[in-house]
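Got the viewer open and ready for a walk around? Here is a tour, stop by stop, with something to select at each one.

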Amino acid sequence: MTERALRLGTRRSKLAMAQSGQVADTVRRLTGRPVELVEITTYGDTSREHLAQIGGTGVFVTALRDALLGGEVDFAVHSLKDLPTAQPDDLALAAVPPREDPRDVLIARDGLTFPELTSGARIGTGSPRRMAQLNAYARNHGIAIETVPIRGNIDTRIGFVRKGELDAVVLAAAGLHRVGRIDEVTDFLSVDTVLPAPGQGALAIECVASDASLTAALAELDDPYTRAAVTAERSLLAALEAGCSAPVGALADLLADGQIVKEMRLRGVVGATDGSALVQLSTTGPVPETHDQALALGRELAAEMLAKGAAGLMGERAL
């Protein structure tokens, strides 16, 4: 008798289906079991409000987690940056696979790069984090840009540029890689210009904590370096008491000496969305070997950022 198919819960967007399909293929190879995708609509998919208004944190995740706990699906794939920083006890973060390119990218009219945009350029993004850093860069370089809040899937966002409504839009490189549209990028934004969202480019594979055999099977997909990096980034976000719609950027990267990884550097930024003020700091330490060490790296940098006035730049703090 063949084993029952594993049911993978996924959002319905083209990007979610693409990344879930890639995970499904890997799980099939690893376990020898069939995997079927179960499409689930989340509040974040149906609401037309801006993410900052509907609370940001968890709007794409709750319905998938409900399906897991209700036994409708066996495991779920999330974009890690959408996950609230507190992990529920009854769900296991079974795997964080190797990370895709974490950078933000620009898709601009006429193939323009970010420095080539003229004063008055209208740049679309739904992210306060991107707005803060783009506006700060523009202020520092004497150019006047207008950041325009937008929502929608990849097609919708790129459509604003193609139709001439906006001069450019900013998207995550990882998503464009996963849907095969990275060739439309006109500029890869250096992390020195725009730090990505905590966890950007990484996926989270979640299942019910009580299913030990599935948790162990999915753990084969885990990349310990990616997990340590995103744990530090998300710890910074949590210690700042900020949700995923707050203007917080963070990136942990590994510093290697030849082939030997020596240290992890964690960079964080918080900014006023108009770019008038940024708190940007970094810290470097040994590569975390445990979950608690990765958490500590994030907490320490957050404490330094708060001491430099980060709290005042985050707008309303969730109680």
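**Stop one: a salt bridge between loops**

Select R11 and D82: their side chains meet in a salt bridge, 3.7 Å from N to O. (A salt bridge here is a side-chain nitrogen of Lys or Arg within 4 Å of a carboxyl oxygen of Asp or Glu.) Before going further, note that this is a predicted model, where local features need pLDDT of at least 70 and side-chain atom pairs count only at pLDDT 80 or more, while totals for chains, interfaces and linings use all residues. Residues are numbered from 1 along each chain as its sequence is written, and side-chain values use heavy atoms, with hydrogens and water left out.

R11 sits in the loop between β1 and α1 (14–31), and D82 in the loop between β3 and β4 (91–95), so the pair ties together parts 71 residues apart in sequence. Helices (H or I, at least four residues) and strands (E, at least two) are DSSP runs, numbered from the N terminus. Are these two partners buried or exposed? R11 counts as buried at 17% relative accessibility, and D82 counts as buried at 13%. (Buried means under 20% relative accessible area, exposed over 50%, and partly exposed in between, with a 1.4 Å probe and protein chains only.)

**Stop two: strand β3**

Now pick residues 75–79, strand β3. Five of its five residues are buried, so the strand is largely enclosed by the rest of the structure. F75, V77 and S79 point one way, and A76 and H78 the other. In a regular strand the side chains alternate between the two faces of the sheet.

Strand β1 (residues 6–10) runs parallel to β3, joined by two bridges, with L8 opposite F75. Strand β10 (residues 203–208) pairs with β3 in the antiparallel sense over five bridges, and there L203 is the bridge partner of S79. (Two strands pair if DSSP finds at least two bridges between them.)

**Stop three: β6, α4 and β7**

Select 121–124 and 145–148: strands β6 and β7 run parallel, joined by four bridges. The chain gets from β6 to β7 through helix α4 (residues 128–140), in a right-handed β-α-β crossover. That means clockwise from the first strand over the helix to the second, with the strands pointing away from the viewer.

Show the side chains of E146 and R122, which meet in a salt bridge (3.4 Å, N to O). E146 counts as partly exposed at 40% relative accessibility, and R122 likewise at 31%.

**Stop four: helix α5**

Go to D155, which forms a salt bridge with K14, their closest N and O atoms being 2.9 Å apart. D155 lies in helix α5 and K14 in helix α1, so the pair links parts 141 residues apart in sequence. Salt bridges that share partners join K14, D155, R162, R181 and E184 into one network.

Then click R157, also in α5 (residues 154–162). R157 is buried yet has no salt bridge; the nearest side chain of opposite charge, D104, is 8.9 Å away. (Lys and Arg count as positive, Asp and Glu as negative; His and the chain ends are not counted.)

**Last stop: the largest nonpolar core**

Which residues have the most contacts inside the largest nonpolar core? They are L236, L240 and M305, in a core of 20 residues. (A nonpolar core is a set of buried Ala, Val, Leu, Ile, Met, Phe, Trp, Tyr and Cys residues joined through side-chain atoms within 4.5 Å; contact means heavy atoms within 4.5 Å.) The largest share, five residues, comes from α8.
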